[in-house]
Amino acid sequence: MNVDPLECNIVKNCAATLAGLGTAGIFNADCPDPLCLENRLRELNLRLSPKGVKAEVLFFRKNTALIYVYRPERLEYCLKDPMAKDLLRRLGYEEHSVLEGLEHLKRRFSSGNQFPHEIGIFLGYPAYDVCQFIENGGRNYLCCGTWKVYSQEEKARCFFARVRKCTEIYRKALENGMSIDRLTVSVRKSW
């Protein structure tokens with residue numbers, strides 16, 4: 001079966017988000033035509049937003065785009081974590097809406113000064129782990145999976161295993177003809 005490359009990338013990199021296990025995912029996609037990609041994302045958002053999922057470009061560079069797929073309600077919850085708020089405040093973010101936070105993140109990517117590691121907060125990683133990653137320069141972690149873990153190692157390992165299994169199941173389902181719409185679940189708040 002011929003699978004749409006964008007949808008294939010979303011499933012490969014963001015299955016946990018589609019399944020409601022995670023807050024967000026990112027991936028780089030070939031993008032020779034930014035306008036075409038924006039139109040595809042707009043069409044995709046019409047299909048996925050009723051289930052609580054959105055996709056947008058964080059950053060364009062040459063012929064690639066960094067695409068962010070997320071659950072806005074869940075992101076809002078992550079951004080309210082006191083440790084996350086403190087880290088983001090120190091990096092120039094103000095306490096506003098999810099959209100304003102994302103706009104600031106986009107500006108940080110566009111500045112090109114350095115990679116904005118606070119993106120871990122926007123991906124739903126534990127705020128403590130994101131802070132420790134930044135403080136330790138990515139070293140001295142307990143284990144590594146979806147992110148580098150500095151606390152609650154066993155809980156993180158279990159989550160990583162769930163994400164791997166979810167991704168495997170979702171990839172096979174997409175290859176067998178299931179639409180990304182059907183793979184995306186509506187999630188009630190449980191966080």
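This is a predicted model: local features need pLDDT of at least 70, side-chain atom pairs count only at pLDDT 80 or more; totals for chains, interfaces and linings use all residues.
**Exercise 1.** Work out whether the pair E43 and R47 makes the salt-bridge cut-off, and where the two residues sit.

*Solution.* Start with the cut-off: a Lys or Arg side-chain nitrogen has to be within 4 Å of an Asp or Glu carboxyl oxygen. For E43 and R47, the closest N and O atoms are 2.7 Å apart, and the pair forms a salt bridge. Next, find them in the fold: both belong to helix α2 (residues 34-48), four residues apart, which is about one turn of the helix. Last, check the surface: E43 has 30% relative accessibility and is partly exposed, and R47, at 25%, is partly exposed too.

**Exercise 2.** Decide for K106 and for its partner E103: buried or partly exposed?

*Solution.* First the contact: the closest N and O atoms of K106 and E103 are 3.4 Å apart, a salt bridge. These two sit three residues apart in helix α5 (residues 98-111). Now the cut-off: buried means under 20% relative accessible area. K106 comes in at 17%, so K106 is buried. E103 has 38%, so E103 is partly exposed.

**Exercise 3.** Take E168 and K165 through the steps, then look at how salt bridges link up.

*Solution.* The closest N and O atoms of E168 and K165 are 3.9 Å apart, and they form a salt bridge. Both lie in helix α8 (residues 153-175), about one turn of the helix apart. E168 is partly exposed at 38%, and K165 is partly exposed at 46%. As for linking up, shared partners join D4, E7, R40, E43, R47 and D181 into one network.

Definitions and conventions. Residues are numbered from 1 along each chain as its sequence is written. Side-chain values use heavy atoms; hydrogens and water are left out. Buried means under 20% relative accessible area, exposed over 50%, partly exposed in between (1.4 Å probe, protein chains only).
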